[in-house]
Amino acid sequence: MTAFQNLKINIENGICIITINRPDKMNALNRETVKEIGMAVEEAIDDKNVKSIIITGEGPKAFAAGADIKEFMGLNKEQGMAMAKAGQDVFQNIENSSKPVIAAVNGFALGGGCELAMACHLRIASENAKFGQPEVNLGLIPGYGGTQRLIRNIGRGKGLELMMTAGMLTAQEAMELGLVNYVVTQEMLIPRCVELLNIIHGKSPFAIGAAIRAANGYTGTQEGFEVELTEFGKCFASEEIKEGISAFLEKRKPQFN
Ligand code: COA
């Protein structure tokens, strides 16, 4: 794996942990860091030794406190759009990863940090975590997919409330709204993610990828059901379904890898 300036990477037991490493800046996502996250995720997806990915932030205070506000100064409309497009593309690749990606939210997940967490497939938060989209304080709105993913995660009313008030959700509130899967102590954050991923590692990787693609195909219309049909059908063309069904019939554990 490439050595990154703003990330720490650790690959162990099939899990690639990507740690945003700018703790003195609350792990704020400057352009370079967003680019590096994109590269690290791509490399992890292509790495045969990696089965899943955890994204977290260095230190006890922040997952990521948003895009780096200093980089907004003096941008015009086109430059603003280009910046958002670069971030949207990286976050979309995370969402579309066929390998599961968990956000281990260890503190503030604000602005782009909240958007990054929402691009991941699952979110586990430590008790001190806080979630928010405070961009309106700056005269801005979320631009890395947050307006869309927040509504999808917590609904239009609560999503718009968060965006318009710039308020913050505690980890507990975020869990009650379905934004977070589990809330644990800070010490248990990575172990809980690893525990979940070890369960997922025992399942068919092809089917996991298909489940992600089908879930990402959700539109609330017939279109989503069509995506499910396609992905369901594709499972029958994979080798893994043969192993899964044989193992069930032979009353043994499947060996997918
Ligand atoms: N962009 C750039 N720098 C940031 C940042 C961001 N989004 N968030 C924090 N930082 C920097 C601060 O400027 C400060 O740098 P300095 O030591 O050089 O002055 C450092 O990180 C520590 O932050 P500080 O504000 O002193 O910590 P705090 O504990 O008092 O407050 C937050 C923490 C997260 C509540 C506060 O930093 C904050 O509100 N950040 C901005 C959140 C935001 O609006 N995000 C959306 C951006 S679109």
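The chat below goes through the domains, the sheets and a pair of helices.

User: Before anything else, what kind of model is this?
Analyst: It is a predicted model, so please read everything that follows as computed from that prediction.

User: How is the protein chain divided?
Analyst: An automatic or database assignment gives domain 1, covering 7–201, and domain 2, covering 205–249. The C-alpha centres of domain 1 and domain 2 lie 26 Å apart, and the contact between them takes eight residues from domain 1 and five residues from domain 2.

User: What area is buried between domain 1 and domain 2?
Analyst: About 490 Å² is buried there, with carbon and sulfur atoms giving 62% of it. On the domain 1 side, the residues that lose the most area to domain 2 are S98, R152 and I200, which together account for 53% of what that side buries.

User: Switching to sheets, what is the order of the six strands in the open sheet?
Analyst: The order is β1-β2-β3-β5-β7-β10, with mixed pairing. The edge strands are β1 (7–12) and β10 (182–184), each of which pairs on one side only. On average, neighbouring strands of this sheet are turned by 20° against each other, if direction is ignored.

User: How do β1 and β2 run, and how many bridges join them?
Analyst: β1 and strand β2, residues 15–20, run antiparallel and are joined by six bridges; I11, for instance, has C16 in β2 as its bridge partner. The two strands form a hairpin with two residues between them, and N13 in the turn has a positive phi of about 50°.

User: Which strands make up the open sheet of four?
Analyst: That sheet has the order β4-β6-β8-β9, and its pairing is mixed. β4 (62–64) and β9 (168–170) each have a single partner strand, so one side of each is left without a neighbour in the sheet. Here, neighbouring strands are turned by 20° against each other on average, direction ignored.

User: What about β6 and β8, parallel or antiparallel?
Analyst: Strand β6 (residues 108–110) and strand β8 (residues 130–132) pair in the parallel sense, over three bridges, and A109 has F131 in β8 as its bridge partner. Helix α3 packs on this sheet, touching β4, β6 and β8, and the direction of α3 makes about 95° with that of β6.

User: Since you mention α3, at what angle do the axes of α2 and α3 cross?
Analyst: The axes of helix α2 (residues 77–95) and helix α3 (residues 112–119) cross at roughly 30° and come within 8 Å. Angles under 35 degrees count as roughly parallel, so α2 is described as roughly parallel to α3.

User: Which residues make that contact?
Analyst: From α2 the contact is made by F91, I94 and E95, and from α3 by G112, E115, L116 and A119. Sorted by class, the contact of α2 with α3 has four nonpolar, one polar and two charged residues.

Conventions: Residues are numbered from 1 along each chain as its sequence is written. This is a predicted model: local features need pLDDT of at least 70, side-chain atom pairs count only at pLDDT 80 or more; totals for chains, interfaces and linings use all residues. Side-chain values use heavy atoms; hydrogens and water are left out. Two strands pair if DSSP finds at least two bridges between them. Axes are lines fitted to C-alpha atoms, for helices over the stretch in contact, and angles run from 0 to 180 degrees between N-to-C directions. Angles under 35 degrees count as roughly parallel, over 145 as roughly antiparallel, 65 to 115 as roughly perpendicular and the rest as oblique. Contact means heavy atoms within 4.5 Å. Ala, Val, Leu, Ile, Met, Phe, Trp, Tyr, Cys and Pro count as nonpolar, Asp, Glu, Lys and Arg as charged, and the others, Gly among them, as polar. Buried area is the accessible area (1.4 Å probe) that two parts lose on being put together, summed over both.
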